[in-house]
Amino acid sequence: MPTSPSLRERTAEADAPVPSGPPNQGEGRRTRPERAALLRRIGLRVLALAVLLGSWQLVTALQLWSPVLVPSPAAVWRALLETSGTHDGVRGYQGHTLIEHLGISLRRILIGAGAGVAAGLVLGVLMGTLPWVRVVLEPAVAFLRTLPPLAYFSLLIIWFGIDEAPKLWLLAIAAMPPVAVATASAVASAPTALIEAARAIGARRGQVVTSVVLPSALPEILVGVRLAFGIAYSSVVAAETVNGLPGIGGLIRDAQRYNQSDTVVLGLFAIGISGLLIDAALRLLSDRLAPWRSHV
């Protein structure tokens, strides 16, 4: 014999949330204004790129400068084809294709900048949590941050030779300071109320750092990581000035010696485009790990 629902069951049914909107509409789907704004941004960027390419072609067509100084888009395209395969028995540039040169440089950046980011995180946490460590290390970190890479690259060559070690050290030293500064600042400005609440419920110092301080500082740390990889990427040409072939920076330096400006411009495009892709990947990682922060 069926029984009537109890008062508690009726109350729970009445308090249950009522779904709103169409049943098949996903929460992550963009609204119409957001899609329109995205299309406008894409359209503006495509238009800006078209204007840039058109201006470049116009300048080279009018022959305002020598082709050695300003190569035409067609010349850079021919350089791309020549360095991407085998032509007249010559494979790529100096025996390696463009993608191989770029891949070797990316490996150096990943290892060197990765080590610098890891060291910067450790130093930043220590500087942000221990005042005496900040007093001791902050001048040294600021000193390294102001040095251009070429200023100490010669010293690294004297210490480590001309193989891979000085290149990796240079990229690591270039990437470490921005991460250390960003991490120390973010850790030091962690909300005091959250730290005191964690201590009040019995959290140890290590637990406070890992469970409260670092999650709160994560957005600023990720910005520092993006800056570090950008600085390391801009330093790759300096890192590959000595014995840099194969490598995209070595390709640029070698082509510069022979006034092959089309190959130099091609190498710059390769660095810039791959750098944009790396930055986009870091922004995506930042959006996943810190979705509450808006990015520009």
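Reader: Where is the place of L64, in terms of the elements on either side?

Author: In this predicted model, L64 counts as exposed, since its relative accessibility is 53% and the cut-off for exposed is over 50%. Its place in the chain is the loop between α2 and α3.

Reader: Which residues make the nonpolar surface patch of about 590 Å²?

Author: L64 is one of the residues of this patch, and with 53% relative accessibility L64 counts as exposed. The residues that make the patch are L58, L62, L64, W65 and L69.

Reader: What is the order of helices and strands along the sequence of the protein?

Author: The protein has 12 helices and 2 strands. Read along the sequence, these elements follow the pattern α-α-α-β-β-α-α-α-α-α-α-α-α-α.

Reader: What share of the contacts in the protein with a separation of 6 or more comes from residues 24 or more positions apart?

Author: The protein has 296 residues, of which 31% count as buried, and it exposes about 18,600 Å², with carbon and sulfur atoms supplying 66% of that area. As for the contacts with a separation of 6 or more, the share from residues 24 or more positions apart is 68%.

Reader: How far apart are the end C-alpha atoms of helix α12, and what span should its residues give?

Author: Helix α12 covers residues 261-289, and at 1.5 Å a residue its 29 residues should span 42 Å, because the expected span takes one less than the number of residues. The end C-alpha atoms agree with this expectation, as their distance is also 42 Å.

Reader: Which helices do the buried residues of α12 pack against?

Author: The buried residues of α12 include V264, V265, L266, I271 and L282, and among them are also G267 and A270. These buried residues pack against α2 (32-61), α3 (73-83), α4 (98-129), α9 (205-234), α10 (236-239) and α11 (248-257).

Reader: Is N259, with its positive phi, buried or exposed?

Author: Most residues other than glycine have a negative phi, whereas phi of N259 is near 55 degrees. N259 is found in the loop between α11 and α12. Its relative accessibility is 56% and the cut-off is over 50%, so N259 counts as exposed.

Reader: In which loop does Q94 lie?

Author: Q94 is not a glycine, and yet it has a positive phi of about 55 degrees. The place where Q94 lies is the loop between β2 (90-91) and α4.

Reader: Which residues is T97 in contact with, leaving aside its neighbours within four places in sequence?

Author: T97 is found in the loop between β2 and α4, and it counts as buried because its relative accessibility is 8%, where buried means under 20%. With neighbours within four places in sequence left aside, T97 is in contact with T83, S84, G85, R91 and G92.

Reader: Why is the pair of W159 and F160 described as edge-to-face?

Author: A pair of aromatic rings is described by the distance of the centres and the angle of the planes. The centres of the W159 and F160 rings are 6.3 Å apart and their planes stand at 85 degrees, and since an angle over 60 counts as edge-to-face, the pair is edge-to-face.

Reader: Which residues do ring pairs link into a cluster?

Author: The count comes to 3 aromatic pairs. W159 is exposed, with a relative accessible area of 56%, whereas F160 is partly exposed at 35%. The cluster linked by ring pairs consists of W159, F160 and W169.

Notes: Residues numbered from 1 in each chain as written. Predicted model: local features only at pLDDT ≥ 70, side-chain atom pairs only at ≥ 80, totals over all residues. Heavy atoms only, no water. Phe/Tyr/Trp six-rings, centres within 6.5 Å; stacked < 30°, edge-to-face > 60°. Buried < 20%, exposed > 50% of the residue type's maximum accessible area, 1.4 Å probe, protein only. Helix = DSSP H or I, 4+ residues; strand = E, 2+ residues; numbered from the N terminus. Contact = heavy atoms within 4.5 Å. Patch = residues over 30% accessible without salt bridge, like charges linked within 9 Å, V, L, I, M, F, W, Y side chains within 5 Å. Areas by Shrake-Rupley, 256 points an atom, 1.4 Å probe, with all protein chains shown as cover. Salt bridge = Lys/Arg side-chain N within 4 Å of Asp/Glu carboxyl O.
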